[in-house]
Structures are given as structure tokens and as C-alpha cells.
Number of protein chains: 2
Amino acid sequence: MKIAIMGFGTVGSGAYESLKNVSDVELVRILARHGRPGYEELDEMITPNIEDIVNDGTIDLVVETIGGIEPAASYVLACLNAGKHVVTANKNLISARFDELMAAAAANGVQLRFTSAVGGGIPWLHNLLRTRRCDEIISIKGIVNGTCNYILDSMADKGVSFDECLKIAQDLGYAEADPSSDIEGTDTLRKTVISSRLAFDTTITEGDIPCYGIDTIDSCDITWMKEKDLTCKLMMTARNTMKGVTACVEPVLLRSDSLESAVKTNNNLITLTAKNLGTQSFYGQGAGSLPTGESVVHDVMDIRDGDKTYAAFGDTAVKCCKDTELHRYYIRHDRMCEHISPLIDEHEEREGIFYCISKPITTAEMHEIGHHRKERGRKLFFARLPEE
Amino acid sequence: MKIAIMGFGTVGSGAYESLKNVSDVELVRILARHGRPGYEELDEMITPNIEDIVNDGTIDLVVETIGGIEPAASYVLACLNAGKHVVTANKNLISARFDELMAAAAANGVQLRFTSAVGGGIPWLHNLLRTRRCDEIISIKGIVNGTCNYILDSMADKGVSFDECLKIAQDLGYAEADPSSDIEGTDTLRKTVISSRLAFDTTITEGDIPCYGIDTIDSCDITWMKEKDLTCKLMMTARNTMKGVTACVEPVLLRSDSLESAVKTNNNLITLTAKNLGTQSFYGQGAGSLPTGESVVHDVMDIRDGDKTYAAFGDTAVKCCKDTELHRYYIRHDRMCEHISPLIDEHEEREGIFYCISKPITTAEMHEIGHHRKERGRKLFFARLPEE
């Protein structure tokens, strides 16, 4: 099978490294403006022109690792419409254009796979889809953003401030120069859309999911949590209720003996609960050149071998719905304003900071107030408390 | 595809439940002495005669859930030799007769799969073999016996004695009436053989692997561990060294913030480390009718779909070798005899019991003394200490 790679950065070059161990797959073209230092052996394959790939009838499959929505979306659609399978690591693209891209793949009788888009090297989506072959997914949850986990873990472990932890994460290459999509939860949100789509055949989109990140967390929150023997993680959660699918991205407090609490540095842990199987979790490197590249190559090999796991999910359209369940939240704010006080069950003041436990409220209520305060420049942090 | 099930107990009936959700697989025969209460709809399929399955040319695949070595081995060989694929959950059989059974499958051009034999419902062997398609496994480790984990977790969590915990595990159906293969480590040993075979293409057998269980653990050990903030788990470990594959089954002490320490009740956690992928773990129900049955059915569906993952491992024969690495052990014994004292770095005596930290010694040395003392009716417990 002949393949091309579009975009030859961190993930593209990682995929190339894994491809060296694979037979019956031949890399013949790379879409890039120029060669990559250290990969001079590939210079002859490089083209800046997408037409060289789309119009090459010998290319069966295209790997997309450009990232972002455009031009990746146009290129992927052109390849699908030219009858080529596509494997992509691009979570932004899949989250934003799921229906359109899957429809294009189906219309052209080719496969579109994106296992590496959630969990990097962890075979999460692969095993999620496999479970669906003979079982029903009830809920999913997970730590899917390594940058946030690194920051939260370092703050708790080393007692370092948010800004310092972010700086170290950037120096280590775990966080981007602009870290907003990580720390505001948008990256986790996209992974929640993609995971929910595959778990539940739902029409859910980014706008349907309440999302609050960790950008307002402070060392004083960590101190409070440690006193209560709790650990904070940014979590995706989604479940299939009788009324539809409901999902959420928010900071969650976990007891110190939970599996999630043991997830250190930039690792991920993703969990499914199915009707017959019960609860199953997958742990590992959620990013990085070689792990993510290897996950891309598994999709390539699965297509080479005629595997149909990605065809296993149907085209029913389970609606999404509002979460009406009530949860208690930890809320930290710098004043007990009229927005906050009606929600609070108990609070404690230390040095002008209010540490509160909310009454049982909905996710939507909590997120609305969090965003309202944030928009007014008043930093508020909250995190869901464990069930009692 | 027409299939038969041999043995219709816990796993066989669990597989039947999962099969209800699967298309293109038709159950036509069940080998059993009599029907199972609650499954009267299957009574017409039941036969006590293996020939009714072996000689039925319409049956493509046979599921073996009889357990034990004989008659399961003869039946499986007869089915393979009749050109039928076999899926089995039988770890005793696969561990004891690996080479012979795999050779019979290869000679007949059929598949022999046994994903559920290690980790029950956890797709451990499936993902291990997938990783090998484009990466190299360096080491594996895991908690693979739910009974031992339940006992160790309950002793630590509830402060209950070994015997009481074992009794509760038996009442809950987690432990057999004769629990010796669980608590002496033999069940973990078999899973270590099977996992090592698939991870490393090694010739390793049960007799090559030092094995010490948890049957000599006492509440006083748990007290000592808690003081040191350590958690005890019965672990399988295996790794590919330059000289060959070395493996071991023994109690291991883990820091309280490790992923393993967070594994509660009868769950399993199994981990691989690969050259490019790094470390990846799989967590879930390692036993039980529905989870294990579902794992059996995944093997059936994979064969139905022409998946070749189980053909991905080669026929090279990596030798096994003695582990020459040195580790420190916690040792608890009722006297400081001439066998123990030369190995001890530091010790503490409390009420006639000696709590010791060993010098760095080999696994073989430690196990030899443990078994020597046990054979003489002197209860000794040991557990490997974490690296410093």
C-alpha cells in the first residue's frame, strides 16, 4: 500500500519512525514547504503542492498531521473525494467537522480514522469502538490533556505556582507557546466531542458541552485540597441517559486513593463503563511524537488489513441533553457576591479569600457563574466534589 | 459462522450472553453433561459427546471453557486437527501446552486465540500483540489475580485477617473453594507464561519462573507496610534483557501514589513498556462471567473478520535467563535463623517477630529461602521493596 503524509512536524515524523517497522506500507509523498532537518533521505518525496497527492492514483492512503481546521479540512476532503483513505491525528478538525468528513468517507467507500486524536499513544478510541461491537457504553470519563495534568500534578507535588508550572511545561515541550486551548479546557472539549461521538453515536458538538478549564486555579486551592486529602484533575465526562447524551469538561476533585489521583506528570487515563464489561481504563502517554505517531500507524495498518472497527459505529443520531443531575462544588472566590452566596452551603474565609462548598447544583449553573465572573475579570475557581 | 461451546459454566454462559449482541455468528452446539438452569432455550444444542462437535463439518469455530488440562487439551487438539478455529479462556491449558497447541493450529491453518486467559475482560493480550506490530516490548508487569488483590486490599483497607478476607472472597465468588492456585501464585504464574510468550516470543515455561504467593502474609505485615506508606500487591513481572527473558511472580511493595496502589477489590492492572510507545496500562475486571465472556466473543469476532493479530508474533525462540539484578526485600520471620541472618541489612524485633530489610539480593536467592522455610512449616513472608 502506498501512502502520503501531509504535514511533517512532531506527529508526522513520529509516524515515519514507526512506519520503518511496518511491511507492505510504502511512504511515497510528503506534503511540506521544505524538508525536515535529520530526514534528508525523504527530501525527494517532498512537495508543497496538494495536487501531487490528490491526483496521484497510486496513493491509497493519506496521513494528515498538519493540524488546525484549514487547509487541513480542504485537503482531507479532497483526498477522501479522490477515493483515498485518510488517517488523521487532528482533533480540532474531527471535532469541528465530524459529520461532513464521515459522510465524505462513506460516500467514497473509504475509511477515515483518527485514533491518535484522543489519548495520543493510548488505544482508547480503538478499544472503545471494539467494546461497542457486542456491548453498550454507559459512560466515559478521563484525563485527556497532558499539559493540564502536568501543571496540576506539579502544583500539588512541588508546591509551585500555576505560572511557574506552565513555564516548566512549556520548556519541556508539553505546552504550546499559547497554552490557552489546553488550560481553558478547549483541547479536552474536542476530545470529549470525538469520544462521545464514537461511544454513543450522538450528534453532540463543542457548543453543547459546558467547559471550564484550570486557568483560574491558584496555589491556595491546592492547599485547601491537600487539607481534605483530595486531588484535582481536569476531566472529561459523558454519559448516555434515558433522555440523550450529556457531557462536561471541568476540574474534578478526587479522593487520594482513586486511580485518577495516581496519574502523574503529563500522562492520560481514560475510562469507559459498559453494560456487561463494567469499568475499564486505559493509561499512558497522551501526546508526544513517537507514541502519537505509533497510534497513527496502527490506523494505517488496520486499513491495510481491512479492519472495519471504525465502520462498527452506526448512523443513528442520539440527541444530546442538558445535565439535570445535581453535584456539590468547591468554589473559591475573592468575595461573597450576590451571584455566589445563594449557592453556598458552607464557607470559610482566610485572608480575604472565600473557600466554599456549594449546595447541590447543576453543572450548567456552576459553569454559568464561573464564566460570568471570569468575563468580569474576577477570578473564580471551582471543581466538582466527589459523591458522598 | 457456526460455532460450538465446550463447557457451559461461568465463562461459557457469559460468552453466550455477549453472543446475543453479535451478528453472523450462530451457536449450534454445546458440549455439556446436562443443560444449565435458566438456559432452557439451549437444551436442544447440548451433547455430552465431543465427536458431535469434532465431526460436524458445518462448525467453523469452537469455544473451549471447560478449564483444566484434560480433557480440554484433547478436545482442543481434536478441534484444531479437524480444521476448526479455537478460542479458549483456559490459562492452565495454554500455559502448560503452548508450543504443542500453537503448532497444531499452524499445521491446520486455523487460529487459536486466548485473550480472556489473562486479564479476563481486559483486552491486554490483544493490545500487547497490536503494539508488537510496529514496536518492541521491553517489559511487562501487572496485577493479574483478582482474588489476591481482593484479599490484600481488604486486609489493608478493613484491617481484617487473611483468613477472614479469604472467606469473604469465597462468599463473593472471587475465590475458589480450594484457593491454593490463587494465593500461592500459580494462577499469576500461568498468566506470566502466556503474557511473556506473546510479548517476547520466548520459550519460557512455568518451571523457569520463580513464584512466591501471598499465603504467608499476616496482619502484622500490613501494619508494618502502612507505617512505611507502602501497599502490597502480588505482581507478575517479565522483561527482555540482552541475555534473554527473565520473569518472576512475587509480592511487591509499592509507594502509595503508584497506579498499582490504587487498584481496589478484585480488579486487575496490567502494564507494558515498549521502545517507542513508553508505558501503557490496562485496568478493569480480570474475571467474572460477563467480562470474561465478552473477551471470548471478541476473539470469535476477530476470527470471523479475518483479523491476523495472533499471527503477528513470530516463531523465533528467545531463551529465558536467570535474573541477576539485585533487589532489596522486606522479610518477616519468626526467628533470625542461620538462613536469614546473612542476608539482612537491618532488622527490628517486635513481640518475637523479626521485621527485616535485606541486602541487595537476587530474586532466586530470596525465593529459595522463602520456599525452604515454608517447606519446613516456618511461615516467612517477603515482598520486594521499591527501588530507591
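**View 1. The open sheet of chain B has 6 strands in the order 3-2-1-4-5-6, with parallel pairing.** Strands pair if DSSP finds at least two bridges between them, and strands (E, at least two residues) and helices (H or I, at least four residues) are DSSP runs numbered from the N terminus. Strand 3 (46–47) and strand 6 (112–113) of chain B are the edge strands, each pairing on one side only. This is a predicted model, in which local features need pLDDT of at least 70 and side-chain atom pairs count only at pLDDT 80 or more, while totals for chains, interfaces and linings use all residues. Residues are numbered from 1 along each chain as its sequence is written, chains are lettered from A and ligands numbered from 1 in the order in which they are written, and side-chain values use heavy atoms, with hydrogens and water left out.

**View 2. Strand 1 (residues 2–6) and strand 2 (residues 26–31) of chain B run parallel and are joined by 5 bridges.** Within this pairing, Ile3(B) stands opposite Leu27(B) of strand 2.

**View 3. Strand 11 of chain A and strand 11 (residues 278–285) of chain B run antiparallel, joined by 3 bridges.** Here Tyr283(A) stands opposite Ser281(B).

**View 4. At the interface of chain A and chain B, the rule finds 7 salt bridges, a salt bridge being a side-chain nitrogen of Lys or Arg within 4 Å of a carboxyl oxygen of Asp or Glu.** Arg133(A) forms a salt bridge with Asp305(B), with 3.8 Å between the closest N and O atoms. On the side of chain A that touches chain B, the elements giving two or more residues are helix 5 (124–132), strand 11 (278–285) and helix 11 (289–304) of chain A.
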